[in-house]
Amino acid sequence: MGRLVIVSNRVPVPDKGGIAPAGGLAVALKVALEEHGGIWMGWSGKSSGGDEPAPLARLRQGNITYALTDLTDTDVEEYYHGFANRVLWPICHYRLDLAEYGRKEMAGYFRVNRFFAHRLAPLVEPDDVIWVHDYHLIPLAAELRQMGLKNRIGFFLHIPWPPADVLFTMPVHEEIMRGLSHYEVVGFQTDHDLENFAGCLRREGIGDELGAGRFSAYGRIFKGGTYPIGIETAAFAEFAKKASTSNTVRKAQQSIENRSLIIGVDRLDYSKGLTQRIDAFERFILANPAQQGRVTYLQITPKSRSEVPEYEAMQRTVAEQAGRVNGALGAVDWVPIRYINRSVGRHILAGLYRLAKVGLVTPLRDGMNLVAKEYVAAQDPDDPGVLVLSRFAGAARELKGSLLVNPYDMEGTANAMARALTMPLDERKERWKTMMDHLLEHDVSRWCRDFLVDLRD
């Protein structure tokens with residue numbers, strides 16, 4: 001096999017000391033790239049304004065070449081803020097009410113994918129294997145095929161794939177489906193996503209299931225598979241153990257004054273169910289008066305896509321809601337909800353996960369949700385916390401030891417919090433071990449290896 005070429009919207013570029021940003025995905029893909037040598041190409045995150053972007057900026061670390069391109073202001077607005085995040089993202093998360101389709105943004109999305117293809121093609125050698133990541137770049141394989149590339153190209157979708165009735169509300173759904181048919185392997189997080197994809201092919205009469213995970217559509221045969229993404233489980237567990245003794249985490253422990261800690265960690269996004277979660281916590285406190293003053297809910301929510309109006313409005317809504325609950329329930333010596341609207345270092349997060357008695361992961365819809373897996377991996381085996389998990393997160397298909405909840409049912413979620421905080425130690429240990437054993441076997445390296453084996457076959 002030749003080199004591995006990875007293409008993603010953003011690239012985790014190493015700093016001047018050669019250290020790449022932390023994160024299981026970056027670690028696994030970097031290891032795969034180092035094994036075969038390769039290229040990681042994507043958007044630099046910078047704009048060239050109204051000028052044509054400069055040639056690709058290249059950085060070589062060992063046998064990996066990082067290739068970055070700027071985009072124009074128009075490209076960023078139409079491709080990224082526009083079609084990717086105002087059409088594909090809400091539709092894939094079942095939020096038709098938030099999808100803002102515009103023909104100009106759609107054209108920009110396909111134009112930027114064509115631009116990526118033209119910048120990538122000269123770097124690709126005939127025996128290279130190309131792995132494209134996420135919803136920003138669905139049409140990339142079709143553009144590369146149009147240029148004559150015959151390499152094996154795989155695609156992995158990190159977010160959910162919706163059922164036909166949801167997808168078909170998008171005016172260009174057929175172009176998106178056609179784009180996916182140009183890959184050798186199309187990977188999804190869960191069996192539900194794969195079933196939805198197969199249903200989309202059947203409903204339109206554009207494709208058939210051939211068995212053994214193979215599909216035919218638009219005159220091409222390709223594989224559709226389920227590849228649940230994992231974390232670097234063993235390393236993160238050790239990381240959390242060390243982080244729990246850090247000064248910052250110790251100060252956090254002292255500040256909650258022996259209260260039970262419930263933790264939520266989410267990017268600020270309407271798919272995460274933050275307002276429903278705060279309502280559920282309020283109901284939990286009202287239904288369990290004995291817990292007043294004895295529990296602290298810490299919600300860490302870094303800002304996200306603040307250029308998109310819906311996210312700016314949501315930031316105000318969540319902050320106001322947390323303030324309302326604190327004003328209604330709090331006391332002079334007790335603030336029920338601590339709401340942090342900025343990023344927290346990964347080493348601190350790991351220690352806070354280990355400190356928390358309950359991990360509250362209740363998205364309305366999520367492709368996988370790695371916070372759930374990190375929370376489990378971070379626990380003390382002798383005194384593990386309890387994971388309260390939305391049944392609409394991809395992680396619910398794997399983490400059978402969690403307390404599954406419907407995030408739209410605030411009373412049910414409140415009851416799960418009460419159960420988690422009073423669960424006997426033996427049951428907590430049993431539930432945690434079931435999940436931890438699974439995560440150790442199905443870590444991020446396994447995910448990476450399984451996908452690439454199928455793509456090479």
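I looked up burial along strand S4 (residues 64-71): seven of its eight residues are buried, so the strand is largely enclosed by the rest of the structure. Buried means under 20% relative accessible area with a 1.4 Å probe, protein chains only. Strands (E, at least two residues) and helices (H or I, at least four) are DSSP runs numbered from the N terminus.

The model is predicted: local features need pLDDT of at least 70, side-chain atom pairs count only at pLDDT 80 or more, and totals for chains, interfaces and linings use all residues. Residues are numbered from 1 along each chain as its sequence is written, and side-chain values use heavy atoms, with hydrogens and water left out.

Next I looked up the partners of S4, where pairing requires at least two DSSP bridges between two strands. Strand S2 (residues 38-47) pairs with S4 in the parallel sense over seven bridges, and glycine 42 stands opposite leucine 68 in S4. Strand S3 (residues 57-61) pairs with S4 in the antiparallel sense over five bridges; here leucine 59 stands opposite tyrosine 66. Two residues lie between the strands in the hairpin of S3 and S4, and glycine 62 takes a positive phi near 60° there.

I then turned to the whole protein, which has 16 helices and 16 strands. Of its 457 residues, 58% count as buried. Among contacts (heavy atoms within 4.5 Å) between residues at least 6 apart in sequence, 77% join residues at least 24 apart. I noted that the C-alpha atoms fill a box of roughly 70 × 50 × 45 Å along the principal axes.

Technical notes. Buried < 20%, exposed > 50% of the residue type's maximum accessible area, 1.4 Å probe, protein only.
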